[in-house]
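User: I would like to learn how features are read from a protein model, one at a time. Could you take me through a few of them?

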Amino acid sequence: MTKLLVANWKMNKNAKECFDFFEEFKLKFSGKRSAWIAPQAIHLNLVINEGKKCNVMAGVQNCSEFLSGAYTGEISPRNVKELNGHFVILGHSERRQYFQETSKHLNAKVKTALKEDLKVIYCVGETLPERESNQTLSIVGDQIQQGLNDMSEATADNLIVAYEPVWAIGTGKTATPAQAQEVHAFIRAELKKKFPAFGEKIQLLYGGSVKPDNVEELLGQKDIDGGLVGGASLKASDFLALCGDK
Ligand code: PEP
């Protein structure tokens, strides 16, 4: 399976900075690993157009469980798809923490986005106190069960799961490859139980301080199919290195 690197630019980069990134990125990107970018939603069209020139897919960092209507400030998954957006990240820990998104609420978003034929990157992960009290697998297991509840096996084809330990996001602390692999193997087993025909094929991304100097070891783990990257995706040279293009 081709490894997938997904850039989560969060609320960073103005329009010029987006263009500048692509000016540099497109010179060296070979496509040996897939690269997707989620800019702020206001730059989605820009990133779709620049991405087309170098085979990079664009998506959003969140969307609504509704398709249209009186939902001020929300992003319609249908309109993301209409623009040729490729994917949506759902359940990022910053959304769970700062915007009170729960796995139950995320379940509605996941189902709607999949129905609209977007790829969904559903994020799960434990906090530091949860890890220290040996609750990692039960927390991640609950997030999988609730967030992916009652989904048809057919829609699982477009599903990607990202394991992002909250204590590793933006902190410079990375899970060791063994810690990450242990949770990925657990997620794989849960997905196989839920979706017998697709569980084995669902891509599992690791996220949490992925950098050029730790990416190879992480991607070398059996159940790690790629990375979801914040900080190290902002500089074209770093993201190129993660994509294997130094
Ligand atoms: C993220 O926000 O999804 C993330 C993994 O951030 P960072 O790479 O900066 O830890």
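Analyst: Let us begin with a charge and a ring: a charge sits over a ring if NZ of Lys or CZ of Arg is within 6 Å of the ring centre and within 35 degrees of the ring normal. In this predicted model, Arg-95 lies over the face of Phe-99, at 4.1 Å from the ring centre, and the charged end of Lys-13 sits over the ring of Trp-9, 5.0 Å from its centre. The model being predicted, local features need pLDDT of at least 70 and side-chain atom pairs count only at pLDDT 80 or more, while totals for chains, interfaces and linings use all residues. Residues are numbered from 1 along each chain as its sequence is written, and side-chain values use heavy atoms, with hydrogens and water left out.

User: How should I read aromatic pairs, and how many are there by this rule?

Analyst: Rings of Phe, Tyr and Trp (its six-membered ring) pair if their centres lie within 6.5 Å, and planes under 30 degrees apart count as stacked, over 60 as edge-to-face and the rest as tilted. The count comes to 9 aromatic pairs. One of them joins Phe-66 and Tyr-71, which are stacked at 4.0 Å centre to centre with 10° between the planes. Elsewhere, Trp-9, Phe-21, Phe-22, Phe-25, Phe-29 and Phe-239 form one aromatic cluster.

User: Is Thr-136 buried or exposed?

Analyst: Buried means under 20% relative accessible area, exposed over 50%, and partly exposed in between (1.4 Å probe, protein chains only). Thr-136 has 7% relative accessibility and therefore counts as buried, whereas Phe-66, at 35%, is partly exposed, as is Tyr-71 at 37%. Thr-136 belongs to helix H7 (residues 136–147), where helices (H or I, at least four residues) and strands (E, at least two) are DSSP runs, numbered from the N terminus. With contact meaning heavy atoms within 4.5 Å, Thr-136 touches Glu-126, Glu-130, Arg-131, Tyr-163 and Val-183, leaving aside residues up to four places away in sequence.

User: Which elements do the buried residues of H2 pack against?

Analyst: In helix H2 (residues 44–52), the buried residues are Leu-44, Leu-46, Val-47, Ile-48, Glu-50 and Gly-51. These buried residues of H2 pack against helix H1 (15–28), strand E2 (34–38), strand E3 (57–60) and helix H3 (77–82).
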